[in-house]
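Please read these notes with the sequence and the model open beside you.

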Amino acid sequence: MTDHQGPLLDPGVWSGRIRTAGGWGPGGDGELAVLEKATGATLGRIGLASLGDVADAARAARAAQRDWAAASHERRAAVLREAGRLWERHAAEVGDWLVREGGSVPAKAEVETAAAAQECY
């Protein structure tokens with residue numbers, strides 16, 4: 001497991017990109033601005049996946065599923081527990097994005113991040 005200490009949602013990593021099997025890269029259909037609901041200000045930019053990007057992701061997921069299914073239940077549980085810890089460690093950061101991007105309220109964002117952590121556990 002990696003010990004993720006920096007911001008989880010680092011725009012220097014993901015801005016204008018999509019997540020691929022090889023890491024973060026440009027989406028085949030360009031980029032889109034993400035707006036703050038309350039102000040209309042641009043929060044950042046996301047990459048837009050093309051049909052080819054989606055097909056590549058489906059192929060990569062199919063291959064990864066075989067490895068995941070072959071992993072021991074201890075290994076799979078450890079991965080999920082680490083995901084739960086990351087949700088808890090970064091709850092304030094994720095909650096801030098939920099409020100700003102989705103127009104949520106802080107209490108709702110807290111419930112959502114806590115629920116995500118518990119789903120992993």
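**Notes on the fold and helix 4**

1. Starting at the N terminus, the elements of the protein chain follow the order α-β-β-β-β-α-α-α-α. That gives five helices and four strands. Helices (H or I, at least four residues) and strands (E, at least two) are DSSP runs, numbered from the N terminus.

2. This is a predicted model, in which local features need pLDDT of at least 70 and side-chain atom pairs count only at pLDDT 80 or more, while totals for chains, interfaces and linings use all residues. Residues are numbered from 1 along each chain as its sequence is written, and side-chain values use heavy atoms, with hydrogens and water left out.

3. Along the principal axes, the C-alpha atoms of the protein chain fill a box of roughly 50 × 35 × 20 Å. Of the 121 residues in the protein chain, 22% are buried (under 20% relative accessible area, 1.4 Å probe, protein chains only).

4. Helix 4 covers residues 91–102, twelve in number. From first C-alpha to last it reaches 15 Å, close to the 16 Å expected at 1.5 Å a residue; the expected span is 1.5 Å times one less than the number of residues.

5. Which residues of helix 4 are buried? They are Glu93, Val94, Gly95 and Trp97. Their cover includes helix 1 (11–14), strand 4 (42–47), helix 3 (73–89) and helix 5 (106–120).

Methods
Buried means under 20% relative accessible area, exposed over 50%, partly exposed in between (1.4 Å probe, protein chains only). Contact means heavy atoms within 4.5 Å.
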